[in-house]
Amino acid sequence: MLLSPGYRRLLLLCVLLGVPIALACFFFVGLQHQLQHWVWTSLPEAAGYDTPPWWWPLPALVPAGLVLAPIVTRMPGGGGHLPVNGLGGPPVGPRALPGAVLAALATLPLGVVLGPEAPLMAVGSGLALLAVRRTGTGGDQRAGAILATAGSTAAISTILGGPVAAAVLLIEGAGLAGAQLVVLLLPCLLASATGALVFTGFGQWTGLKIGALALHDLPPAANPDAGDFLWGIPTAALIAVLITLARELGHHTVSWTRRHTAVRTVVCATAVGVCVAAYALITGRSPAEAALSGQATLAQIAAHPHAWPVGALIALVACKGLAWGIALGSLRGGPIFPAVLLGTATAMACSGLPGFGVTPALALGISAAAAAVTGLPLSSAVLAVLLTGGDAYDQMPLIVTASVVAFVVSQVVRRTEPEAAHAPTTGTTG
């Protein structure tokens, strides 16, 4: 199959698809950030506030629920996948794509405590399947599945720092091996590499913030020692427990919102707003730290870890974690970015323990949280390595250990078979 003319044409189509998918993702993320800046910066300043007041999430989240309710109940696709199910499930096709995009752009900027990764994957798979129809290859279901997966991978690679993390996510999530894996991997690598190149180029050209998960300023490098492992392993287990319990809350929320969906969606959005407002009221800090997806707050914690009191970190984990659990089962968005922030905040709150360093805590917090929320320990370790950059070489043993510990503990807490956690995280392999 690898040498067949049809497969070579498929590879060429994936390269070509990477360009429009990257452009669509760029304008999607750019518009989301502009709306987010308007809601959480420009509008409060126009009202005379330097930062949003503690009650600001309430008038933001209630309209988010009111807008989302008719999308979930009436539009095709229900606004996209439920975030409590991860990034798996069938691909979002062209018919359901408008609802997924509208749900994301109308609610993520308002602070629904979710990330952009799932809507971006919907954009990728929807545009890829639309291209399949336009090129007349819609009858080939296998080619359509490969293209949809390549589109989703290209889309998510734009905010994961490039094609490597997205490709590893695909490999581990698909659960394939041998020739089958190569057949799927090559189109995804080509599409994601092309997409990441175009996405990055447009970001430099326009100067717009593209919202990629990146840490530009890190604490001073420090080799992990016995104390870091002594405290790091139970911290990774704690992170796994917190993330898994929040996901369980999401599953309960799904069950509750199956009846009277529209009304209960608004109630859940309001409850998220109350949690975020409680964080701001308790800490005296900006509610945007808890309301938004987490990339900016994660970067702030990494750059200035000592500027965050332990009490503020604990309040962030408690309030944002509760809000995230509610949002997982009722609202629309991605689950990974907020989970990474929760894990990092938990680890940094524990970094004051004797012999536990700030840099190792940051690295293991990212890895443990990603493993707990995705069920993919290898992908989580790779993501943590990419984010910690030059410090990763020394931190890798702790990163890998934390990822494995969090994965095992999350399985024990959920009381499920390991295979269940390996449900595909790409849009087409489920």
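Hi everyone. Of the 430 residues in this protein, 57% count as buried. Please keep in mind that what we are looking at is a predicted model.

Let's start with the overall picture. The protein has 17 helices and zero strands. Its accessible surface comes to about 16900 Å², and carbon and sulfur atoms account for 68% of that.

Now let's go inside. The largest nonpolar core has 132 residues, and Val-272 and Trp-324 are the ones that touch the most other members. Which helix gives the most to this core? That would be α1, residues 5-46, with 13 residues. If you click on Val-272 and set aside its neighbours within four places in sequence, you'll find it in contact with Leu-61, Gly-111, Val-113, Ala-323, Ile-326, Ala-327 and Leu-331.

Next, have a look at Gly-325, which sits in helix α12, residues 310-328. Is Gly-325 buried or exposed? It counts as buried because its relative accessibility is 0%. Not counting residues up to four places away in sequence, Gly-325 touches Ala-246, Leu-249, Gly-250 and Thr-253. Here's another pair to find on your screen: Gly-325 and Val-84 are 241 residues apart in sequence, yet their C-alphas are 8.3 Å apart in space.

That brings us to helix α8, which runs over residues 226-257. It has 32 residues and reaches 47 Å from its first C-alpha to its last, close to the expected 46 Å. At the start of α8, a side-chain oxygen of Asp-225 comes to within 3.1 Å of the backbone nitrogen of Gly-227. Where is the kink in α8? You'll see it at Gly-232, shortly before the proline Pro-234, with a bend of about 30°.

My last stop is helix α16, residues 392-414, which also has a kink of about 30°, this one centred on Leu-398. Leu-398 itself is buried, and so are other residues of α16, including Ala-392, Gln-395, Ile-399, Ala-402 and Ser-403. Further along α16, the buried residues include Val-405, Ala-406, Phe-407, Val-409, Ser-410 and Gln-411. As a reminder for reading such lists, an α-helix has 3.6 residues a turn, so residues three or four places apart point the same way. Just after α16 comes Arg-415, with a positive phi of about 55°.

How values were computed:
Residues numbered from 1 in each chain as written. Predicted model: local features only at pLDDT ≥ 70, side-chain atom pairs only at ≥ 80, totals over all residues. Heavy atoms only, no water. Helix = DSSP H or I, 4+ residues; strand = E, 2+ residues; numbered from the N terminus. Expected span 1.5 Å × (residues − 1). Bend = angle between axes of the 7 residues up to and from the residue. Polar contact = N/O pair within 3.5 Å; in protein donor to acceptor, adjacent residues only side chain to side chain. Buried < 20%, exposed > 50% of the residue type's maximum accessible area, 1.4 Å probe, protein only. Areas by Shrake-Rupley, 256 points an atom, 1.4 Å probe, with all protein chains shown as cover. Core = buried A, V, L, I, M, F, W, Y, C linked by side-chain atoms within 4.5 Å. Contact = heavy atoms within 4.5 Å.
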